Amino acid sequence: MRRSAAILTPMLASTAVTLLAGCSVQMQRCIDTSNRVVEPAHCSVIPHDGYSYYYGGLGSYEVGSIALDGAFQPEDGELYSLTGTVREGFGTFFSEYAVDILFVAAIGIVIVTTGSFTS
């Protein structure tokens, strides 16, 4: 049965890598008129009084940092997060189980390389 293990292990590993690579989350930050990141609470109040959401681009979530190369409107099909963590949709399911998937793939590799696979 080593042939089955030799086929199953790369399949598990490639599935894990594919699932993890497909989950890309863009930054959504609240910025002031100077493109400096501020607390998200400033953008949740209407009117925003000089604050706006900024989608994607370079920089960080750190208050006071500069947001660059992004946009003031979100792009269709992109996932955005105010904190860097996705808690909804397709990304949540796989982010919760990513460690388990990688663990199973790693165990499969160990079994194949040690020849411990039995039928």
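Over which residues does pLDDT stay under 50, with 3 contacts beyond four places in sequence in the model? The answer is residues 89-93. Here pLDDT is the predictor's confidence in each residue, from 0 to 100, and a contact means heavy atoms within 4.5 Å. What you have on screen is a predicted model, in which local features need pLDDT of at least 70 and side-chain atom pairs count only at pLDDT 80 or more, while totals for chains, interfaces and linings use all residues. Residues are numbered from 1 along each chain as its sequence is written, and side-chain values use heavy atoms, leaving out hydrogens and water.

Let us stay with confidence for a moment. The chain has an average pLDDT of 73, and 51% of the residues score at least 70. Over residues 15-21 the pLDDT is below 50, and this stretch has 6 contacts in the model beyond near neighbours in sequence. Where pLDDT is low, the predicted coordinates should not be read in detail.

Now turn to the disulfide, a pair of cysteine sulfur atoms within 2.5 Å. Searching the whole structure turns up 1 disulfide. Its partners are Cys30 and Cys43, with sulfur atoms 2.0 Å apart. The link of Cys30 and Cys43 is right-handed, with 85 degrees about the S-S bond. It joins distant parts of the chain, since Cys30 sits in strand E1 and Cys43 in helix H2 (residues 41-44), 13 residues apart. Helices (H or I, at least four residues) and strands (E, at least two) are DSSP runs, numbered from the N terminus. Both cysteines, Cys30 and Cys43, are buried, a word that stands for under 20% relative accessible area, with exposed over 50% and partly exposed in between (1.4 Å probe, protein chains only).

Strand E1 (residues 25-31) also holds Gln28. Gln28 counts as buried because its relative accessibility is 14%. Not counting residues up to four places away in sequence, Gln28 touches several residues, including Tyr53, Tyr61 and Ser81. Ser81 has 4% relative accessibility, so it counts as buried. Leaving aside neighbours within four places in sequence, Ser81 is in contact with Val25, Gln26, Met27, Gln28 and Tyr61.

Finally, look at Ile66, in the loop between strand E3 (52-55) and strand E4 (79-81). Ile66 counts as partly exposed because its relative accessibility is 32%.
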